[in-house]
Amino acid sequence: MKKVTSVFWWTAALVLFATIFGATAPKTIESVTTNIQSFITSAFGWYYLILVSIIVLFCLVLIFSPIGTIRLGKLGEKPEYSTASWFAMLFSAGMGIGLVFWGAAEPLSHYAVSSPLSEEGTNSALRESLRYTFFHWGLHAWAIYAIVALSLAYFQFRKGEPGLVSATLKPVLGKYTEGWIGTLIDIIAVFATAVGVATTLGFGAAQINGGLAYLFGVPVSFAVQFIIIAITTVLFIISSLSGLGKGIKILSNVNMVLAVALLVLMLILGPSLFILNIFTDTIGAYFQNLMRMSFQIAPLNEEHRSWINGWTIFYWAWWISWAPFVGIFIARVSRGRTVREFMIGVLLMPSLVSFFWFAVFGASAMDLQMSGAVDLTQYATEEVLFAVFNALPWSQLLSIVAIFLVTTFFITSADSATFVLGMQTTNGSLTPPNNVKVAWGIFQSMIAVVLLYSGGLQALQNTLIAAAFPFSFIIILMMFSLVRAFSEERKEMRKQGMRGPRT
């Protein structure tokens, strides 16, 4: 209990300090986070690109390796959740709000506002826009989640270790994981999780506000976003108290139904043939240019380098900051699956769904922009989706479904995060006490409110990049730890005269 108490109280103290500092000196925290963000992206952009590419390669090797038959659990253990519920939960926790927030806005921005390589508004810019969106939301993003989740699931369910980030590093750090070094690692993981989720909650509140403004003329302001966060905080705390098997599972399934309904409606009401054609073409372009995009840093082009810093490096930092939260949650719901089944499910399936989502919403937005029917670039990021709906039949229905979907994604993300944070601060307990989950629910919302107050979405992005940096080194140690653990397990099996890994 001593270690649990120290992780909880140290991290809670950091959160409270950041909250008070941000509330009393918003300009200062905006300036500080901007400077940190600028330094990290300028000095370590190359590091993020190389690290995330190595993570993708590592995950792909595991799929085709004999290691893939190892089960994330004891011999003969079966999966706890059905494949459909499993996929719904990991998808809701892993992307959720981001898909709705950026679905139309990111491809539009790459096409008409700031193109990666081409002149804005051209056909080549249109093709690039979706290709880079696929790049940001595809294999690289899910590989980061997958490696953290695999480490946690393997060591907890296969090796019987507590469900802590520090416990996954025992093959590398040995006894030091149980001392102050282990405590520091868990504090970094918990703090990165709290900031990463708070950032997404801020995005969600901004988009709900944007939708209400478009539909009902509600002003876009910090006060409205504060009320939205307060209401949804109460809702996700109620959901978290109902337990993992009820609240999160039910809401995740509702999310998937709503998301599919919205996707199908957009495909039917939007430029269907154009969407299907651009999706097919972009899939090919994505895989054809994957290696080039993965290492593109533009050392001789300041404008392009700035674009990479603002988009690609930001996304890699976002996924890394979310990795402890999403990784722990995916690990928790993946017990009993094989490494190969786990990797295919976590790495490939969500990527394909994300690709089609962005093709539908992004192509619809760009088609409107090309036609001249409406200039979508005049709208704030959180309002672009609703401006697209406004130009289509059944616009009111689409907007209401989207607001409800963002709200349920908001609740499931925060609900999942309170479970994960509670788990990490109660020595990896699979059933963290309600008072701990409620405390983390309030802390997350406090961070989101302060970051919105101190500088809006830019402050959210800056803080995210700063919080992700230290956790990136922990991911490196996780990969070394997995290699060592898998190697030892293979040796043990050979001694027992077995040809391959046991399941």
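Is M266 buried or exposed? In this predicted model, M266 is buried, because its relative accessible area is 0%, and buried means under 20%. The residue belongs to helix α11, which covers residues 244-269. Beyond its neighbours within four places in sequence, M266 contacts I275, V360, F361, S364, V388, F389, L392 and L398.

The overall fold is helical. The protein has 18 helices and zero strands. The C-alpha trace spans about 70 × 50 × 45 Å along its principal axes. For 503 residues, a compact globule would have a radius of gyration near 23 Å, and the protein has 22 Å, so the value agrees with the globule rule. Of the 503 residues, 61% count as buried. The protein exposes about 18500 Å². Carbon and sulfur atoms supply 66% of that area. Contacts between residues at least 6 apart in sequence were also examined. Of these, 82% join residues at least 24 apart.

The largest nonpolar core has 171 residues, and F361 and F471 touch the most other members. Helix α18, residues 434-495, gives the most to this core, with 21 residues. F361 is also a partner of M266. Setting aside residues up to four places away in sequence, F361 touches G103, A104, L262, L263, M266, L385 and F389. F389 is therefore in contact with both M266 and F361, as contact means heavy atoms within 4.5 Å.

A149 counts as buried because its relative accessibility is 0%, below the 20% limit. Its contacts outside the four neighbouring places on either side are G327, I330, A331 and F342. A323 lies 174 residues away from A149 along the chain. Even so, the C-alpha atoms of A149 and A323 are separated by 8.0 Å.

E383 is placed between α15 (339-371) and α16 (384-390). Its relative accessible area is 16%, so E383 is still buried under the 20% limit. Apart from residues up to four places away in sequence, E383 touches G210, A213, Y214 and V220.

The surface carries a nonpolar patch of about 750 Å². The patch is made by F222, F226, I227, I231, V234, L235, I238 and Y453. Helix α10, residues 222-241, contributes the largest share, seven residues. I231 is found in this helix.

Technical notes. Residues numbered from 1 in each chain as written. Predicted model: local features only at pLDDT ≥ 70, side-chain atom pairs only at ≥ 80, totals over all residues. Heavy atoms only, no water. Patch = residues over 30% accessible without salt bridge, like charges linked within 9 Å, V, L, I, M, F, W, Y side chains within 5 Å. Areas by Shrake-Rupley, 256 points an atom, 1.4 Å probe, with all protein chains shown as cover. Salt bridge = Lys/Arg side-chain N within 4 Å of Asp/Glu carboxyl O. Helix = DSSP H or I, 4+ residues; strand = E, 2+ residues; numbered from the N terminus. Core = buried A, V, L, I, M, F, W, Y, C linked by side-chain atoms within 4.5 Å. Buried < 20%, exposed > 50% of the residue type's maximum accessible area, 1.4 Å probe, protein only. Rg over C-alpha atoms; globule rule 2.2 N^0.38 Å.
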